[in-house]
Amino acid sequence: MRADERAPAPTGVIHDIGYQRYTGPRLGRRSVFAALYVHGLRTAFGLGRTAKAKIFPWMIVAIVGGAAIGSSMVHGLIGEPLFTYAGFADVMSWLVFFFVAAVAPELVSRDLRAGVLPLYFSRPLPHTDYVLAKLAALATAVWLLLGAPQLFMFAVAVFTTDLAPRVVKEEVTDLLPGLAYAGVWAVLFATVGLLVASLTGRRAFAAGGIVAVFLMTTPIVGVLSVMPSSTVNELAGLAAPLTLVQGVGVWLWRDALVRGPEAATSVEIGQFGPVYGLVALVVIVACLGLLLARYRKVAAR
Amino acid sequence: MTIISTHALTKTYGGGVTALSDFTVEVPAGIVGLVGANGAGKSTFIKILLGLLAPTSGRVRVLGLDPTTDAPAVRARVGYMPEHDCLPADLTAAEFVTHLGRVSGLPRSVARERASEVLRHVGLYEERYRQIGGYSTGMKQRVKLAQALVHDPDLLLLDEPTNGLDPAGRDAMLALIHRIGTEFGLSVLVCSHLLGEIERICDTVVAIDGGRLLRAGRVDAMTSATDVLTVEVSEGTEELAARLAALRLPVTREGRQLLVPVADESTYDVILRAVADLDLPLHRLDQRRHRVVELFAQKETSRAS
């Protein structure tokens, strides 16, 4: 018994209230989902965790933030930003890889490793909600990583000009495709990364696997894109997640994306834009299906 | 009141392994022991109760609900403590139990409040703000128990709660479970392979072997008839056996030991007096611990007769 409990009540009677039954409200599925989602999002940035867990995500945030500040400064000096809003994701692609490779294992491999899942699945939490909450948390984290710097650049661009309606309108029409493009990045990389991470409880293996899937596929694109057939060249981008996303971006937001010096780095998709869109959708749905199947099995174990 | 009832419950795994076979039992409220050797089907039974596994055939009700169709409703009212390690090393007990309270549907502030409260009830005070990775096995078992209690369930399912504990830790854990069943007023199903532990704290025992129900009944009814004293003397075993037989005690010999069924309290005194009269060096006199094996052996003999 602790000291404060031994302190006499005003009447001078010592109370040990013992175990109390809980009769208050119990929240429904949506609130539980929200709790798990917020917990996942905090975990992604190491909040509520040890200082060690904060180092890597915030290092990446610092680099991305630094790039945004740099771009805004260049914009202020020469009147043209280093990168467009939409082009920001392409420039930061490697950082996104490393961010997903570090965060996805934090979200799912840790739970597998520690054996925590039986504690989740013996509660009124469907395994689908667990998967979707983790996925939503990771996708939001990636989207914030790419979107927040764009918003910063937007704010700087708008408030350093004289707030002329024309300028604001121009910036908004540039910004929205950028944020949407970041969303495609977030969903695709979160789904693929989470699936790879869910296969192992060893965080190092999971991180290595994710980097391998994201990077080892790019040489295939390189080989296919120098083949002597223009059809093969234009479909080559489907072979790697990075070029697949870029292909979707070029198809949907060609004007915002293919502009200035980055045009050279963008993938050549020819008339196959819809194919890129379809393949990206299929990849996302397939990975999600595999994730859910994986956790159906884990839940019953 | 019946908390768990099954009828002809059968579970066959994909590989043709039968984990539960024609298992029919009615479990009353209170502290219930589920006893069986490793692989007898205890864990399969618990997973079916939680709706994590679907039975191959048969009917099951937990707190009047069907876990095969209404799993979330069952799980909301049940707390589960798994057998194996299930705690993250890098969180504090307070954070972890709070988080699981929220997953069980408690509002944020309530979850935090109840987490501290149940951690205090299981005997963790200031330690609860330390990372779980630094805890002893006994403290980890307490955290596992606390997370099962945090959402105030009506029924606790505890899978081998004394696993890995030293004798003192075992006693403390058993005392705690007994308190939860009596003072807290929750029903508890304790799985164990040690009948001795179950006997000490449970009102009812369900014995399971090879997926079949062996026996189910109240502990006092089941064990009083089978209590046996073990007597061992350094010399003169024959003499003592003869003397006890003359005193109309049904003695049987097992190696160097004599086994005497306990008729009532006076059996102890009779034996002690006989040993003293013969002036024999008494090596040991104790009540034999029942093991699941013995229950099973009795079943075999009763079947044969």
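1. In chain A, 75% of the contacts with a separation of 6 or more are between residues 24 or more positions apart. A contact here means that two C-beta atoms, placed from the backbone, lie within 7 Å. Bear in mind that this is a predicted model: local features need pLDDT of at least 70, side-chain atom pairs count only at pLDDT 80 or more, and totals for chains, interfaces and linings use all residues. Residues are numbered from 1 along each chain as its sequence is written, while chains are lettered from A and ligands numbered from 1 in the order in which they are written.

2. On the overall build, chain A has 14 helices and zero strands. Those are DSSP runs numbered from the N terminus, with helices being H or I of at least four residues and strands E of at least two. The C-alpha trace spans about 85 × 50 × 30 Å along its principal axes. Of the 301 residues in chain A, 39% are buried, that is, with 20 or more other C-beta atoms (placed from the backbone) within 10 Å of their own.

3. Now α8(A) against α14(A). The axes of α8 (residues 165–197) and α14 (residues 273–300) come within 9 Å and cross at roughly 35°. Axes are lines fitted to C-alpha atoms, for helices over the stretch in contact, and angles run from 0 to 180 degrees between N-to-C directions. This crossing is left-handed, meaning the near helix is turned anticlockwise from the far one by less than a right angle (clockwise would be right-handed). Among the residues that meet are A:V187, A:L188 and A:T191 from α8(A) and A:A280, A:V283 and A:I284 from α14(A). By class, the contact has 12 nonpolar, one polar and no charged residues. Nonpolar covers Ala, Val, Leu, Ile, Met, Phe, Trp, Tyr, Cys and Pro; charged covers Asp, Glu, Lys and Arg; the others, Gly among them, are polar.

4. Next, α8(A) with α9(A). The axes of α8(A) and α9 (residues 203–215) come within 8 Å and cross at roughly 140°, so the two helices are oblique to each other. Oblique is what remains after under 35 degrees (roughly parallel), over 145 (roughly antiparallel) and 65 to 115 (roughly perpendicular). The crossing is right-handed. A:V192, A:G193, A:V196 and A:A197 of α8(A) touch A:A206, A:G209, A:I210 and A:V213 of α9(A).

5. Finally, the two chains: 31 residues from chain A and 32 residues from chain B form the contact. On the chain A side, α2(A) gives the most, with five residues. That side has 17 nonpolar, eight polar and six charged residues.

Conventions:
Buried ≥ 20, exposed ≤ 12 C-beta atoms within 10 Å, placed from the backbone.
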